[in-house]
Amino acid sequence: MKKFFTEQLLAWNREQNTRTMPWKGIKDPYKIWLSEIILQQTRVEQGLPYYEQFTTAYPTVQHLAAAPEEEVFRMWQGLGYYARCKNMLAAARQIVDTFQGQYPDTHEQIQTLKGIGPYTAAAIASFAFNSPHAVLDGNVFRVLARYFGIHTPVDSTAGKKEFAALAQSLLPDDQSAVYNQSIMDFGAVVCKPQQPACQQCPLSARCVAFKQQLVAQLPVKTKKLVIKKRYFYYIVLEYKDQLYIRKRTENDIWQNLHEFILIEMPGPVNANELEAYTAFKEVMHNIPYTIQGISPAFKQQLTHQTIYSQFILLAAAKAPELAHYMAVPRARLNSYAFPKTITDFLQNKSLGLF
């Protein structure tokens, strides 16, 4: 069963796999690493233009390591999961400082880089150096669970161990890079999460899930995703063509990105009545102002959170004294990295900031 699986998968890759991506087949560990970091929690279609922008702006790890943090975050803007960007920049500098600018070439050394776990290390070691390490991503979990009829939850400790051992046992000698790419592509275009192409699948003859009509039930996950709702009301405070922003530094979403003055409420409120709330008064108690406008509502969906945002433009009658905030000319807003909900607001132009 295992031999059939590996042979059929490699045959499918040779004869039918038409999935193309600019990082497929290359041996540059830096570019492979960039693609892996960008594609964590990101669809290929969304990540591709970012990969092209990064490899153009920073063709080597030395270029990335030397880049200003604000510039890198600005380029990452819109990809989400900004800890990836922070770790990526730290790892680039680690490669330059610790490994003398040479990308480490063993699975163990690669795992010492900031933000790189066993899967990403296995992918880089395999694709760049053909090291015999099997990859495990969502596509691989799904293909293995269905074909072998595994009901152990993929998000459990036991499941991760079981799937890791199985994946490693399927790896052909001297073809780890080709095999790993094959199974990832197969999961993306044939054994898809929804509407898999079972009738055209070269593995269906021995696929447990297909034969037992369990395709929709596998893989199994134990943890139910709980979506938290948050309500952000941003005060866009302006004085003499300058706006007040700060960098988010707390251990929360959007760390290292910038934002306007934030009032987070426990539930939705009428933005026209925001002045009556204590949180608003605490921020604006010594700042004379007039309300210039209120934006439409914006929504941003994160993996575990839904962010509802609204923006209130205020004109200050005197220079505000706000700790932790800096005054930025309107024309320079584009120099700062903001979360998507704020860039959506700025591009919407509902309050005429541009």
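Tyr 239 stands opposite Gln 242 in β2. The model is predicted: local features need pLDDT of at least 70, side-chain atom pairs count only at pLDDT 80 or more, and totals for chains, interfaces and linings use all residues. Residues are numbered from 1 along each chain as its sequence is written, and side-chain values use heavy atoms, with hydrogens and water left out. Helices (H or I, at least four residues) and strands (E, at least two) are DSSP runs, numbered from the N terminus. Strands count as paired if DSSP finds at least two bridges between them.

β1 and β2 run antiparallel and are joined by two bridges. The two strands form a hairpin with two residues between them. Lys 240 lies in the turn and has a positive phi of about 50°. β2 also pairs with β3, in the antiparallel sense, over two bridges. Here the partner of Arg 246 is Glu 259 in β3. A further antiparallel contact joins β2 to strand β8 (residues 326-329) through four bridges. Ile 245 stands opposite Met 326 of β8 in this pairing.

Strand β7 (residues 305-316) has 10 of its 12 residues buried, so the rest of the structure largely encloses it. Buried means under 20% relative accessible area, exposed over 50%, and partly exposed in between (1.4 Å probe, protein chains only). β7 pairs with β1 in the parallel sense over 11 bridges. Within that pairing, Val 236 stands opposite Leu 313 in β7. Strand β5 (residues 289-294) runs antiparallel to β7, with five bridges between them. Strand β6 (residues 298-301) pairs with β7 in the antiparallel sense over four bridges. Gln 301 stands opposite Thr 306 in β7. A hairpin of three residues connects β6 to β7.

Nine of the 12 residues are buried, so α8 is largely enclosed by the rest of the structure. The buried residues of α8 include Ala 121, Ile 124 and Phe 127.

The structure holds 14 salt bridges. A salt bridge is a side-chain nitrogen of Lys or Arg within 4 Å of a carboxyl oxygen of Asp or Glu. Arg 19 and Asp 185 form one of them, at 2.8 Å from N to O. This pair links distant parts of the chain, 166 residues apart. Arg 19 sits in the loop between α1 (2-15) and α2 (29-39), and Asp 185 in helix α11 (residues 176-189). Arg 19 is partly exposed, at 23% relative accessibility. Asp 185 is buried, at 0%.

Arg 230 takes part in two of the bridges described here, one with Asp 252 and one with Glu 264. The N to O distance to Asp 252 is 3.0 Å. Asp 252 lies in the loop between β2 (242-247) and β3 (258-259), 22 residues from Arg 230 in strand β1 (residues 228-239). The N to O distance between Arg 230 and Glu 264 is 2.8 Å. Glu 264 belongs to strand β4 (residues 261-265), 34 residues from Arg 230. Arg 230 is buried at 7% relative accessibility. Asp 252 is partly exposed at 28%, and Glu 264 is partly exposed at 36%. A network of salt bridges links Arg 230, Arg 246, Arg 248, Glu 250, Asp 252, Glu 259 and Glu 264.

The second largest pocket has a volume of about 190 Å³. Of its 11 lining residues, Arg 74, Gln 77, Asn 334, Thr 343 and Gln 347 are the closest to its centre. On a 1 Å grid over the protein atoms alone, a cavity is a set of points where a 1.4 Å probe fits but cannot get out, and a pocket is an open set with protein on both sides within 12 Å along at least five of seven lines; lining residues have an atom within 4 Å of a point. Grid points are joined across faces, edges and corners, and the volume is the space filled by probe spheres set on the points. Helix α14 (residues 340-348) supplies the largest share of the lining, five residues. By class, the lining has four nonpolar, four polar and three charged residues. Ala, Val, Leu, Ile, Met, Phe, Trp, Tyr, Cys and Pro count as nonpolar, Asp, Glu, Lys and Arg as charged, and the others, Gly among them, as polar.
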